[in-house]
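Here is a short briefing to read with the structure open beside it. Let's go through the side-chain packing one topic at a time.

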Amino acid sequence: MSIEDRRPAVAQGGMAALLLAHRDQLIRFLEARGAGDMAEDLFQELWLRLSSTATGPVSQPLPYLYRAANNLMLDRYRSVQAAAKREQAWGEAVAPYSQPSSEQRLISREELAATDAAIDATGPRAASIFRQFRLEGRTQRDIAALMGVSLSTVEADLRKVYAALATLREQGDA
């Protein structure tokens, strides 16, 4: 395709039309650069960027598209590398603190026992509803059907437990 053949496509539909006309070639280009399965996603991102920003007249639109695709690949590579470095740094920062001291374990056990006691103090039905909802991941509607109560009863019991836990937390903060 000569430059004269490309200019009418750019003039008629802009960069988006040229991008769509050369979709397969650009995807192969991205795959050859190491995009693999992400080539389609990168092409979509390229299309979104080019269609959302106004570009001025481009003397060589096809090389412009390839350069934009290459820059997008570089951006993706850099963001993946930066994320990997952040994850590694986070892991190294957290690793020394991963084992709680025996004092911290004792405090945690006492807090857990106090939390269990506060939940149990709301009554067996409310405690059961709370544990099914928060620990087992059941929906409120399922719990209501399982226990033979109305949905508003489940909601009221959950509010009762949450209030008890809020009171416990306020006592701990004081």
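Over the face of which ring does Arg23 lie? That ring belongs to Phe43, and Arg23 lies at 5.5 Å from the ring centre. Please keep in mind that this is a predicted model.

**Nonpolar cores**
- The largest nonpolar core has 19 residues, and those with the most contacts inside it are Leu19, Leu30, Leu46 and Leu65.
- Two or more residues of this core come from each of helix H1 (3-21), helix H2 (23-32), helix H3 (39-52) and helix H4 (61-94).
- Helix H4 gives the most to this core, namely six residues.
- If neighbours within four places in sequence are left aside, Leu65 is in contact with Met15, Leu18, Leu19, Leu26, Leu46 and Leu50.
- There is also a second, separate core of ten residues, which includes Ile119, Ala127, Ile129 and Phe130.

**A look at Ile27**
- Ile27 has its place in helix H2.
- With a relative accessible area of 6%, Ile27 is buried, because the cut-off for that label is under 20%.
- Apart from neighbours within four places in sequence, the contacts of Ile27 are Ala39, Glu40 and Phe43.
- Ile27 and Ala69 are 42 residues apart along the chain, while their C-alpha atoms are separated by 9.1 Å.

**Helix H6 and its cover**
- Helix H6 (residues 124-134) has these buried residues: Ala126, Ala127, Ile129, Phe130 and Gln132.
- Among the elements that cover them are helix H5 (102-120), helix H7 (140-147) and helix H8 (151-173).

**Aromatic pairs**
- How many aromatic pairs does a search of the whole structure find? The search finds two.
- Phe29 counts as buried at 17% relative accessibility, whereas Tyr66 counts as partly exposed at 23%.
- Phe130 and Tyr162 form an edge-to-face pair too, with 5.8 Å centre to centre and 80° between the planes.
- This pair also links distant parts of the chain, with Phe130 in helix H6 and Tyr162 in helix H8, 32 residues apart.
- Phe130 is buried, with a relative accessible area of 9%, and Tyr162 counts as partly exposed at 34% relative accessibility.

Conventions:
Residues numbered from 1 in each chain as written. Predicted model: local features only at pLDDT ≥ 70, side-chain atom pairs only at ≥ 80, totals over all residues. Heavy atoms only, no water. Core = buried A, V, L, I, M, F, W, Y, C linked by side-chain atoms within 4.5 Å. Buried < 20%, exposed > 50% of the residue type's maximum accessible area, 1.4 Å probe, protein only. Helix = DSSP H or I, 4+ residues; strand = E, 2+ residues; numbered from the N terminus. Contact = heavy atoms within 4.5 Å. Phe/Tyr/Trp six-rings, centres within 6.5 Å; stacked < 30°, edge-to-face > 60°. Lys NZ or Arg CZ within 6 Å of the ring centre and 35° of its normal.
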